[in-house]
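Hi everyone, thanks for making time this morning.

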Amino acid sequence: MSKNNTHVLEYDFNFDFPKITHGKGIYLYDTEGKEYIDGCGGMISNSLGHGREDMAKTIADQTANVAFVNRHVATADIIEKAADKLSEVTGMDRFFTVCGGTEANEICTKIARLHFYHKGQPNKNKIIGRWNSYHGYSIDTLSYGGHNGRRKEFMKYLRDDIHVVPPYCYRCWLGKECGSCNLECANSLEEEILKHGPENIAAFIFEVVSGTAMNAAVAPDGYYKRIREICDKYDVLMIVDEVMTGAGRTGSMLAIDQYGIKPDIVTMAKSVGGGYFPVGIACCTEEVIEPIKEYGLFSPVHTWASNPIASAAALKTLEIFEEENLFENVRVQGAYLKDQLEAMKERHPSIGNVSGKGLMMGVEFVKDKATKECFDPKLHVADRIALAAQELGLFVMATGGFAKEGAGDGIMFGPCFEITKEEIDKMLDLFEQAITAIEKDLL
């Protein structure tokens, strides 16, 4: 059906999207029989590849057994089993399953506020976020999220939440050079806590490796250690948004594990469902939940919260990760992917930066490498590269708006954890062809 006579409320009203019929591994196929490499893993969410019969069977079996229980009156064995497994692999204590990352982040900030409310500190309820961050599209998550391109249409509805500068070394907001600063970006958190009063601040929320809002930017060494120190000093809960990075995307169960930091609250989604079922998970320590437990009631309500099918999908996904040693493949292939992208950067005048961890990589395009000048946003460079890649048979994710002034063009990769070296080579060959074609018009 063409864009002019569809009943679907589509993302882009000016584009005819290919109609996908099926997939296998890293490949997707449309109604015309065309093959695409799924280089972005859906929305950096397909961790197990397409067409796995074991995942289909798990979901079908759970659906036939019990598809829904009302969490206000009952639970199910699969919910308990999934929580036990999650505790084993994350080191967290309590888990609340919802349908996606936005819900998980909103639940986690509610947990933080309820923690202090039931400790007799009701004024300790403000959430601090970072500029150039993204935590979801609800009004709450957009408020403490900091991507102005996504906030602008809803500004009149948003709260005036607190934000600090991001750890974006390629384009430092404070004009510092990476490796020669005193982590002023981290110290800005302490400044804001003191400005607004520690007695009013409940939590600080951040992405460990930034998602599309900052094109897989990685914080400098020592940043998260300093953040943990500040949060402890002022009794502020640390909420780690691992919606995109969690469940192995960066080569470990949680990306924050690689920094030796213990968070208070964590969110996961995307990869934890394997790409087969919508799963979002809010996780926290027993210490965080203790005041709520003493009160006796955790009140946030979502009809599909704690649904058995999501738990079954998550449990099976975690089991497959272990049985097939997929985190090791993420580390090995992620390192290879980054090396190849770095080499590509040397060959192309438009590639200014490569960043990310594991199988979550971002490529940033610039008009001038020396000055890091962005392309004019009206040129839609990232969108054009993504479209050129799609025409060649490769799906990638276009990003933008991550430079301080609101410009910036990037592409993100997030293929499934099973990808091979040969498949990466094939994927990057198509990507380079797309870049070359667009560069001819731009430079």
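Predicted model: local features only at pLDDT ≥ 70, side-chain atom pairs only at ≥ 80, totals over all residues.

Let's begin with the seven-stranded sheet. It is open, and its strands follow the order E4-E10-E9-E8-E7-E5-E6, with mixed pairing. Which strands stand at the edges? They are E4, residues 94-98, and E6, residues 162-164. Each of these two has a single partner strand, so one of its sides has no neighbour in the sheet. From one strand to the next, the twist averages 20°.

If you zoom in on E5 and E7, you can see how two of these strands pair. E5 covers residues 126-130 and E7 covers residues 201-207; they run parallel and are joined by three bridges. To find your place there, look for Ile127, which stands opposite Ala203 in E7. As a reminder, strands of a sheet pair through backbone hydrogen bonds, either parallel or antiparallel.

H3, residues 77-90, lies across E4, E9 (265-268) and E10 (280-284), and its direction is at about 120° to that of E4.

Now please turn to the other open sheet on my list. Here four strands come in the order E11-E12-E15-E14, and the pairing is antiparallel. E11 (351-357) and E14 (397-400) are the edge strands, each pairing on one side only. Ignoring direction, neighbouring strands in this sheet are turned by 25° against each other on average.

Take E14 and E15 as the example. Four bridges join E14 to E15, residues 409-413, and the two run antiparallel. Met397 has Met412 in E15 as its bridge partner. Helix H12, residues 381-392, packs on the sheet and touches E12 (360-365), E14 and E15, with its direction at about 40° to that of E15. H13 lies across E11, E12 and E15, and runs at about 165° to E15.

The axes of H11 (residues 326-347) and H13 (residues 421-442) come within 11 Å and cross at roughly 25°. With that angle, the two helices are therefore roughly parallel to each other, and H11 passes H13 in a right-handed crossing. On the H11 side, the residues that meet H13 are Gln333, Tyr336, Leu337, Gln340, Leu341, Met344 and Arg347. Facing them in H13 are Lys421, Ile424, Asp425, Met427, Leu428, Phe431, Glu432 and Ile435. By class, this contact has nine nonpolar, two polar and four charged residues.

Next come H2 and H10. H2 spans residues 53-65 and H10 spans residues 308-323; they pack at an angle of about 150°, with axes 9 Å apart. So is H2 roughly parallel or roughly antiparallel to H10? At that angle, H2 is roughly antiparallel to H10. The crossing of H2 past H10 is right-handed. H2 brings Asp54, Met55, Thr58, Ile59, Gln62 and Thr63 to the contact, while H10 brings Pro308, Ile309, Ala312, Ala313, Lys316, Thr317 and Ile320. Those residues divide into seven nonpolar, four polar and two charged.

The next pair is H7, residues 184-196, with H8, residues 223-233. Their packing angle is about 15° and their axes are 8 Å apart, which makes H7 roughly parallel to H8. H7 also passes H8 in a right-handed crossing. Among the residues in this contact are Leu189 and Ile193 of H7, and Ile227 and Ile230 of H8. The class count here is eight nonpolar, one polar and three charged residues.

Strands E1 (residues 20-24) and E2 (residues 27-30) pair in the antiparallel sense over four bridges, with Gly23 opposite Leu28 in E2. They form a hairpin with two residues between them, and Gly25 in the turn has a positive phi of about 65°.

And the aromatics: how many aromatic pairs does a search of the whole structure find? It finds 14. One of them is Tyr137 with Phe154, which is edge-to-face, at 6.0 Å centre to centre and 80° between the planes. Tyr137 is in the loop between E5 and H5 (139-144), and Phe154 is in the loop between H6 (148-151) and E6, so the pair ties together parts 17 residues apart in sequence.

That's my tour, and I'm happy to go back to any view you'd like.

Conventions. Residues numbered from 1 in each chain as written. Heavy atoms only, no water. Pairing = 2+ DSSP bridges. Axes fitted to C-alpha atoms, helices over the stretch in contact; angles between N-to-C directions. Contact = heavy atoms within 4.5 Å. Parallel < 35°, antiparallel > 145°, perpendicular 65-115°, else oblique. Left-handed = near helix turned anticlockwise from the far one by under 90°. Nonpolar A, V, L, I, M, F, W, Y, C, P; charged D, E, K, R; others polar. Phe/Tyr/Trp six-rings, centres within 6.5 Å; stacked < 30°, edge-to-face > 60°.
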